[in-house]
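Me: Could you walk me through how to read a structure like this one? I would like the general idea for each feature, then the case at hand.

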Amino acid sequence: MTGEPKMQKVKEKPKSELGGVVVLDFGGQYTQLIARRIREQQVFSAILPCTASLEEIKQYEPAGIVLSGGPSSVYDADAPKCDPKVLALGIPVLGICYGMQWITHTLGGKVERAERREYGRAHLKVACGSGSEGSHLFMGVPESLRIWNSHGDHVLALPAGFRATGHTENAIAAVEDPKRQIYAVQFHVEVNHTERGTELLRNFLFRVCKAEPKWSGAAFIEETTEALRAKVGHKRAICGLSGGVDSTVAAVLVHRAMGNRLTNIFVNTGMLRKNEFEQTLEMLRDRLKLHVIGVDASDRFLAQLKGVIDPEEKRRRIGREFIAVFAEEAQKLQGGEARGEIGYLVQGTLYPDVIESVSVKGPSATIKTHHNVGGLPEKMPFELIEPLRDLFKDEVRRIGRDLELPDEILVKHPFPGPGLAVRLLGEITREHLVTLQEADAIVVEEIRWAGFYEKVWQAFAVLLPVRSVGVMGDGRTYGLTVAVRVVESHDAMTADWVKLPSEVLERISTRIVNEVPGVTRVVYDISSKPPSTIEWE
Ligand code: XMP
């Protein structure tokens with residue numbers, strides 16, 4: 001395999017993604033919510049950074065563009081900006097909050113710096129009537145609405161061609177230039193606190209943009225398959241499968257388009273859960289009929305981790321070894337069976353992975369480089385196929401359901417790339433890995449049995465290199481400690497420890513001490529995130 005050129009993205013969009021809405025992100029806390037609300041109306045939406053080029057935007061052939069809110073003032077030296085030409089593409093635009101201020105400022109109106117932020121509930125008076133003579137945006141909604149505000153600056157004077165369509169007690173709250181199809185609101189239509197917010201959004205989508213409500217899981221699957229088929233020709237593809245929901249859904253989608261010209265590589269790092277390698281391999285091959293090469297590289301990984309205690313060093317070495325194994329397998333395939341050149345690398349990247357790696361103001365030190373986006377073999381001469389790149393996790397689960405993936409994949413708890421290595425504190429040995437796998441299997445079994453598995457975000461065991469004294473039968477024991485971690489979360493950004501019934505905790509503790517040799521003590525982790533993280537390392 002050669003070192004260059006770098007991977008490029010496959011650009012063909014499924015038809016249901018065309019004619020949707022592009023949301024340009026100014027760094028607002030509700031940007032993801034805007035995208036979701038639009039998709040809830042069966043209209044596709046993709047979020048792009050506000051710095052996206054006109055070319056990138058036009059790729060989606062959007063029926064509309066939404067400019068999000070954001071924390072900045074248009075007067076800040078580093079205020080985020082779009083290309084002003086987005087306002088002249090002839091595509092309807094809806095500005096929300098900062099989006100409205102940016103439109104006003106850019107088109108020659110006046111925005112005033114506010115002394116203090118206006119935050120919370122307010123009342124909107126619709127100024128133009130909501131009948132057919134009025135604003136398309138406010139059609140069919142009452143003339144007085146409760147709305148949700150969160151803004152600093154406000155609009156003082158309108159650009160030429162604009163009219164005000166709504167006011168709060170303090171400020172102009174909605175403006176529009178129907179001729180140019182530019183609409184803007186100072187408040188957040190996407191949050192539930194705004195009364196009739198969904199109707200306002202629907203008015204924009206269906207009355208102004210004339211978007212078609214054609215985005216659904218089934219349409220997405222059909223069109224993604226079709227677009228991939230047209231794109232890939234006779235080339236082959238490889239995919240690094242982990243058995244988690246994202247990579248499996250991506251692989252099954254691409255498999256529909258390419259059949260066995262897609263080869264999946266599933267690496268046993270030795271850091272997987274008890275029996276996970278064998279069981280996942282069997283399911284991928286026998287139930288999902290995927291073409292999978294299972295590589296047991298556990299010895300290599302263990303050798304790399306010998307003597308390593310520092311968690312970040314563990315992560316680095318595992319990442320490096322993973323890439324090496326993957327690259328070797330790809331190389332074997334490339335030079336092996338004469339079934340055509342490998343042209344593509346499939347990844348289950350999701351939208352949150354992308355956004356964590358891209359920032360409105362360019363690369364930022366505080367944003368982590370995600371495993372999928374930043375980690376895999378960048379220099380491989382393959383084009384990237386990322387069919388889930390615009391979706392959120394629950395949407396991927398829905399698509400997985402439409403693809404009839406087994407529940408055990410769809411509801412599977414997230415598992416970190418470095419696996420048990422970050423749940424086994426201190427040096428990793430084969431013996432301690434087995435101890436942890438056994439304890440972890442008991443935690444998961446009992447959590448399932450008690451009906452909690454699908455209600456919680458993650459449930460697992462952590463092995464601590466802390467020895468304590470115990471007593472078993474008549475003898476003294478001196479063994480290790482297992483910590484049990486069970487958390488609830490929506491997105492892993494914050495998490496609460498779960499108040500499990502004491503009977504469940506008791507069963508977990510009794511079974512671990514009795515059934516796992518070398519463990520004398522079990523503790524329950526009662527820390528939430530923040531300030532603690534979900535994983536211990
Ligand atoms: P933390 O520990 O940061 O974890 O609260 C948040 C979520 O991310 C998972 N996690 C990882 N996933 N590589 C991954 O692919 C990693 O290095 C990694 N570290 C944590 C963790 O399981 C939780 O769901």
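Me: How many positive and negative side chains does the protein chain have, and how far apart do the centres of the two sets lie?

Reply: For counting, Lys and Arg are positive and Asp and Glu negative, while His and the chain ends are left out. Each charge is placed at NZ of Lys, CZ of Arg, CG of Asp or CD of Glu. Here the protein chain has 67 positive and 71 negative side chains, and the centres of the two sets lie 2 Å apart. Please keep in mind that this is a predicted model, in which local features need pLDDT of at least 70 and side-chain atom pairs count only at pLDDT 80 or more, while totals for chains, interfaces and linings use all residues. Residues are numbered from 1 along each chain as its sequence is written, and side-chain values use heavy atoms, with hydrogens and water left out.

Me: Thanks! How many salt bridges does the count come to?

Reply: In general, side chains of opposite charge can pair when their charged atoms come close. The rule for a salt bridge asks for a side-chain nitrogen of Lys or Arg within 4 Å of a carboxyl oxygen of Asp or Glu. By this rule the count is 29.

Me: Which residue forms a salt bridge with K274?

Reply: That is E438, and the closest N and O atoms of the two are 3.2 Å apart. The pair links distant parts of the chain, 164 residues apart: K274 sits in the loop between β13 (262–268) and α7 (276–287), and E438 in helix α14 (residues 430–449). Helices (H or I, at least four residues) and strands (E, at least two) are DSSP runs, numbered from the N terminus.

Me: What about R316 and E313: how many residues apart are they in helix α9?

Reply: They are 3 residues apart in helix α9 (residues 311–335), so about one helical turn separates them. R316 is partly exposed, at 46% relative accessible area, whereas E313 is buried, at 19%.

Me: And where does the salt bridge partner of D525 lie?

Reply: The partner of D525 is R485, with the closest N and O atoms 3.2 Å apart. This pair also joins distant parts of the chain, with D525 in the segment after β20 (519–524) and R485 in strand β18 (residues 475–488), 40 residues apart. D525 is buried at 8% relative accessibility, and R485 is buried at 0%.

Me: Which residues are linked in a network of salt bridges?

Reply: The network links E445, E446, R507, R511 and E515.

Me: Let's turn to the backbone. Which peptide bonds are cis?

Reply: Most residues other than glycine have a negative phi, and most peptide bonds are trans. In this model, the bond from K529 to P530 is cis, with omega near -15°, and the bond from P530 to P531 is cis too, with omega near 10°.

Me: What is the phi of K210 and of N275?

Reply: K210 has a positive phi of about 55° although it is not a glycine. K210 is in the loop between α4 (197–208) and α5 (217–232), and it is exposed, at 60% relative accessible area. N275, also not a glycine, has a positive phi of about 60°. N275 is in the loop between β13 and α7 and is partly exposed, at 41%.

Me: Finally, the whole chain: how many helices and strands are there, and what percentage of residues is buried?

Reply: The protein chain has 15 helices and 20 strands, and 54% of its 537 residues are buried. Its C-alpha trace spans about 85 × 60 × 40 Å along the principal axes. With contact meaning heavy atoms within 4.5 Å, 75% of the contacts between residues at least 6 apart in sequence join residues at least 24 apart.

Key. Buried < 20%, exposed > 50% of the residue type's maximum accessible area, 1.4 Å probe, protein only.
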